[in-house]
Amino acid sequence: DAEVSTRKKTFAEVQTERLDQAERTVLIKCPSKINEKKLLQYLSSHGNVKSHFFYENRGINALIEFSEKGSIASLQDAVGIPSAPEHHVVPFKSRLFTFTLKNPGSQRTEETPLHLSPQCHIPVKDLIEKLCLADSISSQMNILLNEYQLTEENIKLRFLACSLVRDFTYAYFPDSTVKPFGSSVNTFGKLGSDVDMFLDFHDTGKHATKMKKGPFEMEYQMKRLPSERLATQRILAVIGDCLDNFGPGCVNVQKILHARCPLVKFSHQPTGFQCDLSVSNSIAIRSSELLYIYGCLDSRVRALVFTVRCWARVHGLTNSAPGTWITNFSLTMMVMFFLQRRSPPIIPTLDQLKELADEKDKHIIGGYDCTFVSDLRKIKPTKNTETLDVLLGEFFEYFGNFDFRKNSINLRKGKEVNKPESSPLYIWNPFEQDLNISKNVNQPQLEKFVAMARESAWILQKEDKAQQIMDKEPWGLAALLIPFGKSNSSKMKNRMKGIGSETIRSLLDSLKLNNANSQQKAVGK
């Protein structure tokens, strides 16, 4: 019974709970000297405030979650329309408010300073200082995880951003919802990352099947278009225009309708997020849920992923701009594959998760089998007891010596299988099995990854922790988060034999050039 009461919630349960929270939430821009007690007192006259927090983004903001949705309607009835003599306001009443003091001079400011919830992670330089104080590499990896992972407050803000967009889509499509996917919900999101959201018409389909019962049929008259893609483009064009013309705080709206996956990009100033809005991307949701399951199964999974991704960013192996480098998603899949290959395995293969699925878990999307178990209780915990110290070194060792020329990475089977085509790096899409998720990666970028993995494995094997602590030198993970520069480039040459001399020469030259600014870039995503 205790196990059931403390069990980890399914992905769908978490999504539903978060979306419900967001619908009971408002965002308030506050004056710089705000009296927290008085603000909450005023808001409580409209209903019970269940939770709140303050954060800084273009001034002080408060996220307020009410216990009841009706409290928002009560508050909206009491809120005034802004008077702007030099502008004409668009009269859209959102859940974004501005709170001001009528006589700021006469009101005593609060003596206790506000606690502001951080919305971005600390710079790499500060992280390295913290890591040097830890007592083991495992501790260092957990410190990095705690500094970089999404906070409870940041997750609430992400769901609120989606809910505020949904207030617009509701006018056209009352049955639709706007949900986050990807890093915002898969347990691998980092503070400061973008919000990927999608407009979901799934409930509309459920409604249609309900109506077919009985002796007669009745259905809506709806606009018919020649393709789903055209419908998606039309919907996003209109929603994009709405956000651009009427959305408070929605700026830099770009409609990218001719991409493989049409989307609307925009900056949401009140929450501080860069947002990408697309339409019902069912396979992307299944990928988010699969990673959510892996992230929940064992605490080592997330610690290793966050560490590897931070390491890759510091060394210029990943980049927020599209290009020929490895993406965070590909790196995450490589970590998952490595954990499937341990003895005993730390996480199950996708085929094993499919075997545990029941009827309600069955999903066939566009002809692709996306079935796997959703109830975490059905998955047996691993018997593997390897520490994070061991796993980090072994990860670099494994991929530093992986035969990328011949083998590909397949999470469905959990095995190295022959490459079906000649891409330098081939990682099977777990669901769309005819796609390579790392098709963008070119040979020099892959070779740079291999070189860095070998160098990192070597540093972890050879270092003398006690001596480095005495000499006040970074050790363990901290040593790996400093760009490898001129001092050890000659040593690297010896450890890169067999990778391709031309590429190595250009790699070492680029390392020298990039050494000065790599660390600054790493402060980004």
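I started with the cysteines and found zero disulfides in the structure. This is a predicted model, and I kept that in mind for every entry here. A disulfide would be a covalent bond between the sulfur atoms of two cysteines. Cys 242 has 8% relative accessibility, so I noted Cys 242 as buried, the cut-off being under 20%. Cys 261 comes out at 33%, and therefore I put Cys 261 down as partly exposed.

I read its strand order as 2-3-1-4; it is an open sheet of four strands with mixed pairing. Which are the edge strands? I found strand 2 (49-56) and strand 4 (96-98) there, each pairing on one side only.

I took the strand pairs one by one. Strand 2 and strand 3 run antiparallel and are joined by seven bridges. Val 49 has Phe 66 of strand 3 as its bridge partner. These two strands make a hairpin, with three residues between them. In that turn I noticed Arg 58, which has a positive phi of about 55°.

On to strand 1 (residues 25-30), which pairs with strand 3 (residues 60-66) over six bridges, again in the antiparallel sense. Here I picked out two facing positions: Thr 25 stands opposite Glu 65, and Leu 27 stands opposite Leu 63.

How many residues of strand 3 are buried? I got seven of its seven, so strand 3 is mostly covered, with "buried" set at under 20% relative accessible area. I sorted them by direction: Ile 60, Ala 62, Ile 64 and Phe 66 point one way, while Asn 61, Leu 63 and Glu 65 point the other way.

I also checked what lies over the sheet. Helix 3 (residues 36-44) lies across strand 1, strand 2 and strand 3. Its run relative to strand 2 is at about 140°.

**Ser 51**

I stayed with strand 2 and looked up Ser 51, which lies in that strand. Which side chains make polar contacts with Ser 51? I found the side chain of Glu 65 at 2.8 Å and the side chain of Lys 156 at 2.9 Å. Not counting residues up to four places away in sequence, Ser 51 touches Leu 63, Ile 64, Glu 65 and Lys 156.

**Residues 390-425**

I checked the UniProt record here. Its unreviewed entry places the feature "domain: PAP-associated" at residues 390-425. In the model, I found this span to be 31% helix and 22% strand. Its end C-alpha atoms lie 25 Å apart.

**Asn 436**

My last stop was Asn 436, in the loop between strand 13 (415-418) and helix 15 (443-462). Is Asn 436 buried or exposed? I noted Asn 436 as buried, because its relative accessibility is 10%.

I then looked at what surrounds Asn 436. Leaving aside neighbours within four places in sequence, its contacts are Glu 421, Ser 423, Leu 425, Tyr 426 and Ile 427. For Leu 425, I found the backbone oxygen 3.1 Å from a polar atom of the Asn 436 side chain. Tyr 426 is 10 residues from Asn 436 along the chain, yet their C-alpha atoms are separated by 5.7 Å.

Methods. Residues numbered from 1 in each chain as written. Predicted model: local features only at pLDDT ≥ 70, side-chain atom pairs only at ≥ 80, totals over all residues. Heavy atoms only, no water. Pairing = 2+ DSSP bridges. Contact = heavy atoms within 4.5 Å. Axes fitted to C-alpha atoms, helices over the stretch in contact; angles between N-to-C directions. UniProt positions renumbered as here; feature names shortened; annotations may be inferred. Disulfide = S-S within 2.5 Å. Buried < 20%, exposed > 50% of the residue type's maximum accessible area, 1.4 Å probe, protein only. Polar contact = N/O pair within 3.5 Å; in protein donor to acceptor, adjacent residues only side chain to side chain.
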